[in-house]
Amino acid sequence: MSARAWLVPLLPGIVAAAGVTVYVILLLVVESQVGIAALLVAGVIAVLVAARFGAAARVGAVFAERDDILNLLVILAVLTVTGFFYEDHFVLLMVATVIIYVIACLGLNLQFGYSGVLNFAGAAFFGIGCYTAAVLTKNTGVPHLVVLVAGGVMAALIGSFLLLPVLRTHSHYSAVVTIAFGLLFKIFLEVNDTLGGPQGLRVDGMNVLGWEFNDNIEIGENFEASFYVNYIVVGLIVLGFAFAFVRRVERSWIGLNLDAMRLDETAAASFGLNITRWKITAFTLGNFLTGLAGALFAMMLGFIAPTNFTFGDSLILVSIVLLGGIGNPWGLVVATVMLIIVPEKLQAIQEYRFLLFAAMVILILLFRPEGLLPRPLRTYIPGWKPK
Amino acid sequence: MDIGLFAQYVMNGLMLGMMYALVAVGFTLFFGVMDIINFSHGDVLMVGAFGGLATYLGLTFLGVENPWVQLAAAFAVATSAMALMGALIGKFLVLPLKKAPPLNTLLITLMLGTVLRETIRLFYPRGANPQRFPSLLPTDAYSFGNFTLRVDNMMLLAAGLLAIIGIHLLINRTKLGLAIRAVAQDEDTAKTMGINFTLIVLVTFAIGSGLAAFAGILHGLYYSEVNFGMGLLLGVIGFSSAIVGGLGNIYGAIIGGFLFAALQTLGVLAMPFASAYKDVFAFGVIILIMAWRPTGLISEKISERV
Amino acid sequence: MTKSRLTQFAVAALTVVAMVIGFGMGSFPASAKEKIKVGFIGPLSGGTSSNGLGGRNSADLAVRLRNADPKAKYSYELLVQDDECKPNIGVQAATKFGANKNVIAAATHYCSAVAISTVDVYHKFGLPIIVWGAVLPDITYGNTYKEVHRVNGTMINQNETAAKFMRGLGYKTWAIIHDTTDYGKGHDKYFTKNLEANGGKILSRFGVTSDQQDFSAELTKIKSMNPDVLYFGGLTPIGIRIRAQMEKLGVKAQFQGTSGIVSDTFIEGAGPLAEGVVAFREGAPTEKLPGGKFFLEQYAKQGYKDPPEAYGAFAFTAMSLILDTIEAVGPDRKKVRKALNKVSGSNAADSITGKVDFDDHGQNTIAVITKYVVQDSKWTVWEDSAYAAGKRKLKGM
């Protein structure tokens, strides 16, 4: 197959990815508030126009057919943005935050999106990861890559205390179990002195094989890149694995089981699915991912306190999952970018961000309950179309 | 233990329990008629308290200084405003999602709570700060050893109990209450019996939300302070109380409310070294109860239909 | 095919339009003077916001006065961040300034719990800062960071005076409630040390979180011990709650606070119950400072909505010192840091609060402690009050 024949069908996808990358860079570069507002409006119009004239559908078709290309393009896009801003700490901090939040929300997506297990304590499991990282980096010599995993394992372990009530309860009742746990976690941290109390804890920066993540990267005399690049690289690697994993789960028979369980638990059980096993699997795996993201976040930020992990923060995580389109990992990416970067850039709405998010979720629930990028129908063979 | 001190703890617990019970009754009413959880309930309570405060400030500004008039006006304005808001919530946020998955209703009310909280924080004058709630009740106090009996606390307790009794009578002794109970028991049958379902749902929302505003003002009078975040914890505690008692059951809600307050007070008494952990203890017990009785202590009678 | 071309064209066109708008807005005509950015961080929302807003206005006043001065070499822009008095939010705000290379220096923090968590960040990014209100000693003495300076005093002297003074009045027994941030713990530590040295007795001690609502458990226990004084080491919001609930539960002890409650918000919040509350603060009252009159006049002239509060003069001093330094050495973080470190001894800077003289930890020397008592809904200097004159009496006297 010639290169041309290989490339042409992919063109709409590549053009779209490049366009989005340029757009994001622009959004991050522009500082004037009017400029940002204009860009946002232009972005919305562009998307609407693209949808109206079918371009969005073509792009979507390409990506549906070639998932691998999409993954590659997104990684390239993130690296391009990172390279473009290589010495701008603040922009890179935002990029890294987006990556970490996407990892955390992938965990929630496993719970809400696939298996229908409710978890309104996302911020608490994120926080368990953070505190694990804080304690381990300060008091032990555990290698920091192990600390990352330990953050996830700890979240999964503590989460397993909730398994019994979560398994036995349904909908509202199980919601209250996680809400109570989220509040309990924050209050516990505040009154517990050994974990820093309301004062919070300092966390050491990541160090892998002598490579200090919190030092700027200096190459030669004149080149110095922000230390956040380190975290973006590690974050991308973790995200890559997490994302691939979640997609595999979704496509596999496990995903099928989870879907069946979410849609009708009683029916699924009567067809012989072991509800208990799959709920445990989804809940534990989800908490693991969320905790892992937390550990990375704590090491990047260098400081954590109980007020990082309030009920409101849990709701933001849920908002991201819902806004993106419940059960669609790609939707998460889009929603996270919107919920993290837009308020940071548009200072005018920063103070109103909780209000706006909440209002937005209400509107979505009323008028587009499936979210911005609804989960597509399951396709068993990539690219397969009904003849 | 000193008897006076013990009496003081009981009094503290009773006050808390009465407030929790008022909130829990709201939750249980909503659940009864619609099978939904209205998670904005705690924040409606908070807005009600702010409404009462604003009424008081407005009257003071107009030169009305009589505390009884101010008190009556604060209660009247706040409860009716919140009753209206409750009906609006029911009409525009809850009824349209009747056919949607329960997760959606849960989320929409959670988010509405956030909207209310943030609206007060951002748009009430200096709303991010705790606001002083005036003492409108007589502040005479009688001391018996370590026990201090305050007239205002007694009045608050009496008002709360009266409200609970009032709701009980309304539900059990009036035609409206009969209709509410009918809808709660079986929506379809109630409809065929000529009950206006939508109307009953809206009225129930109005009653529950008005009750929340009432509790909000009691809360303000008791703590002499209101703040934009007070509804969240109260809401969760109220909901937990309703759950513990068994959703949809008014007596369960009342028992749950007092039980929760008793747990908190007991937590303090049993672990004097760790009184700060009382909320941790209380929530821990809630989670355990949920594990033990997944649908509350007085559980729903109907098992899941396929 | 035409349709999708059209779409692509539309998207491209829109992007170009947005770019033009974006860059057009970004490149304003350059003003005659170079524009330099300086920062301010304080609690602008939440229960301690009146102190934060007062500090913000005072720092803003310093910048406005400088911009109005034709002799100034640069024109300044003040960037403001809200730390909400929460450590993690403060770290985020500090990271924003640290990561923004255009911010040359900043006046930061009223809340000690926040300041103690952010000093690492300033050090990491090399951003020179001057603390304008936080009183925990460790902020300057707990590290050797050259970036960190402080114009106001620490809580050590404050508690020394507090203990001596209260013992001098004849009080014998205390109960302590403190918040469990480093701020409250610091107060607990230094007050206990000084009180014991002066022969006072502490009956019980409670650590509470900084957003606790109900104190009936703690206060009921305190009541059964019947101390003469309730010492509160914490900030305004829970100070108000504790004062109000003391009354409800019939706790008759005298209420003694720290610099953390010296704010108008405390008096508004506690209402008539504030009467007779005592508290201590380092530095002379604003109107008695060398440049106090000038500061208050200028402040009034700008028509700010909120009063400067207890620490406004320090915020003004911190920001003025930053601007002076930038004028002298130019807009460069490293140079500004070095120049600030040299402000000591014979090189001490003049300010409205008197000489600013940093020791080798960047700590300004403030010897005076002011004793306050609330009289007729006003923080009144003890010596000028009806209580000192014997016309009114503190509780239990």
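This is a predicted model: local features need pLDDT of at least 70, side-chain atom pairs count only at pLDDT 80 or more; totals for chains, interfaces and linings use all residues.
View 1. Domain 1 of chain C covers 34-153 + 286-366, while domain 2 of chain C covers 156-282 + 371-384. Taken over C-alpha atoms, the centres of domain 1 of chain C and domain 2 of chain C are 28 Å apart.

**View 2. Where the domains of chain C touch.** Now look at the contact itself: domain 1 of chain C brings 18 residues to it, and domain 2 of chain C brings 17 residues. On the domain 1 side, the elements giving two or more residues are α2 (49-68) and α4 (112-125) of chain C. The largest share of that side, 3 residues, is from α4(C). By residue type, the domain 1 side has 10 nonpolar, 7 polar and 1 charged.

**View 3. Chain B meets chain A.** Next, we move to a contact between chains. Here 37 residues of chain B are in contact with 36 residues of chain A. Three helices to find on the chain B side are α4 (102-123), α9 (230-245) and α11 (278-292) of chain B, the elements that each give two or more residues to it.

**View 4. A closer look at the chain B side.** Which element gives the largest share of the side of chain B that touches chain A? That is α4(B), with 14 residues. Sorting the residues of this side of chain B by type gives 28 nonpolar, 6 polar and 3 charged.

Definitions and conventions:
Residues are numbered from 1 along each chain as its sequence is written. Chains are lettered from A and ligands numbered from 1 in the order in which they are written. Two residues are in contact if their C-beta atoms, placed from the backbone, lie within 7 Å. Helices (H or I, at least four residues) and strands (E, at least two) are DSSP runs, numbered from the N terminus. Ala, Val, Leu, Ile, Met, Phe, Trp, Tyr, Cys and Pro count as nonpolar, Asp, Glu, Lys and Arg as charged, and the others, Gly among them, as polar. Domain bounds come from an automatic or database domain assignment.
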